[in-house]
Amino acid sequence: MDTPIPGAVEFLNTYVAPPVHGLVVYLSGRRHGTEEQSREWCRRFGFPDGVIIHRRKGLNSQLFKTDFLQAVASSPLVVSLDAH
């Protein structure tokens, strides 16, 4: 099991706190279907809750992450906020 990058927990917990209230999205190389193990790992090390995206079974982890991040970087960002 991986260990957190030094400073990552503190950075993300600051990011989700007021006044920023950021949304954390975790991009994981683990296979789809192991989200609960990822949530448990995040809880154990003190990471804030967030959206977890896992690769489909059979995809190379590094290629999945690279392709996903390239797609996000080349797409317009759409944010929807509910005022209620």
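The points below go through the fold, the core, the aromatic rings and a surface patch of this predicted model.

1. Basis. This is a predicted model in which local features need pLDDT of at least 70 and side-chain atom pairs count only at pLDDT 80 or more, while totals for chains, interfaces and linings use all residues. Residues are numbered from 1 along each chain as its sequence is written, and side-chain values use heavy atoms, with hydrogens and water left out.

2. Fold. The protein chain has three helices and two strands, arranged along the sequence as α-β-α-β-α; helices (H or I, at least four residues) and strands (E, at least two) are DSSP runs numbered from the N terminus. Of the contacts in the protein chain with a separation of 6 or more, 60% are accounted for by residues 24 or more positions apart, a contact being heavy atoms within 4.5 Å.

3. Of the 84 residues, 21% count as buried, that is, under 20% relative accessible area, with exposed meaning over 50% and partly exposed in between (1.4 Å probe, protein chains only).

4. Aromatic rings. The structure holds four aromatic pairs, where rings of Phe, Tyr and Trp (its six-membered ring) pair if their centres lie within 6.5 Å, and planes under 30 degrees apart count as stacked, over 60 as edge-to-face and the rest as tilted. The rings of Y26 and F47 are edge-to-face, because their centres are 6.2 Å apart and their planes stand at 90 degrees. As Y26 lies in strand β1 and F47 in the loop between α2 and β2 (51–55), this pair ties together parts that are 21 residues apart in sequence. Both Y26 and F47 are buried.

5. A neighbouring pair in sequence terms. W41 and F45 are four residues apart in helix α2, and so are separated by about one helical turn. W41 counts as buried because its relative accessibility is 14%, whereas F45, at 30%, counts as partly exposed. Ring pairs link Y26, W41, F45 and F47 into a cluster.

6. Surface. V20 is found in the loop between α1 (8–16) and β1 (25–31) and, at 49% relative accessibility, counts as partly exposed.
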